[in-house]
Amino acid sequence: MALNGIRMISVELEATALSAGANTVATLPAQTVILAAGVEVTEALTGASALTFDIGTGLDDDAFVAAYAMASKAVGAVAPSIAGVAYLTAEDTLDMTVDTLTGTATAGKLRVWAMVADVDGKGAAEVARDQV
């Protein structure tokens, strides 16, 4: 397998748009390695008295962040990424899974990030050609 580069995924989510259960952040192709993933509070949560969530994949919903309680966090707070990597043998999703939402969120934003590497075996010239 050839390593075709590491890239950063960064998606801002609004707490008002989150629903119970899995909320898809990004869809990733087969033969992708997730090196790390985490979350940063970019706007404090208001309205809801509790919002607890995990960051993971469709196969392991808390692979990178487990039971992060946003309600008590200030802007700039960062959830530490759990050590380890995830190798995707089939297409999968990076998800924020809402464990607890008490009340109704009226504001609040999170930036979910992940460092991923494509290890699909294509050479650089083949990848560039496929992008054209």
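**A tour of the chain, strand by strand**

Helices (H or I, at least four residues) and strands (E, at least two) are DSSP runs, numbered from the N terminus. The model is predicted, so local features need pLDDT of at least 70, side-chain atom pairs count only at pLDDT 80 or more, and totals for chains, interfaces and linings use all residues. Residues are numbered from 1 along each chain as its sequence is written, and side-chain values use heavy atoms, with hydrogens and water left out.

The order reads β-β-β-β-β-β-β-β-β-α.

Now show the surface. The chain exposes about 6,600 Å², by the Shrake-Rupley method with a 1.4 Å probe. Carbon and sulfur atoms supply 55% of that area. Of the 132 residues, 38% are buried (under 20% relative accessible area, 1.4 Å probe, protein chains only).

In what order do they stand? The order is β2-β8-β4-β5, in an open sheet with antiparallel pairing. Two strands pair if DSSP finds at least two bridges between them. At the edges are β2 (21-28) and β5 (65-69), each pairing on one side only. From one strand to the next, the twist averages 20°.

Zoom in on β2 and β8 (residues 92-102). Their antiparallel pairing runs over 7 bridges. Strands of a sheet pair through backbone hydrogen bonds. Finish at Ala22: opposite stands Thr97 in β8.

Technical notes: Buried means under 20% relative accessible area, exposed over 50%, partly exposed in between (1.4 Å probe, protein chains only). Axes are lines fitted to C-alpha atoms, for helices over the stretch in contact, and angles run from 0 to 180 degrees between N-to-C directions.
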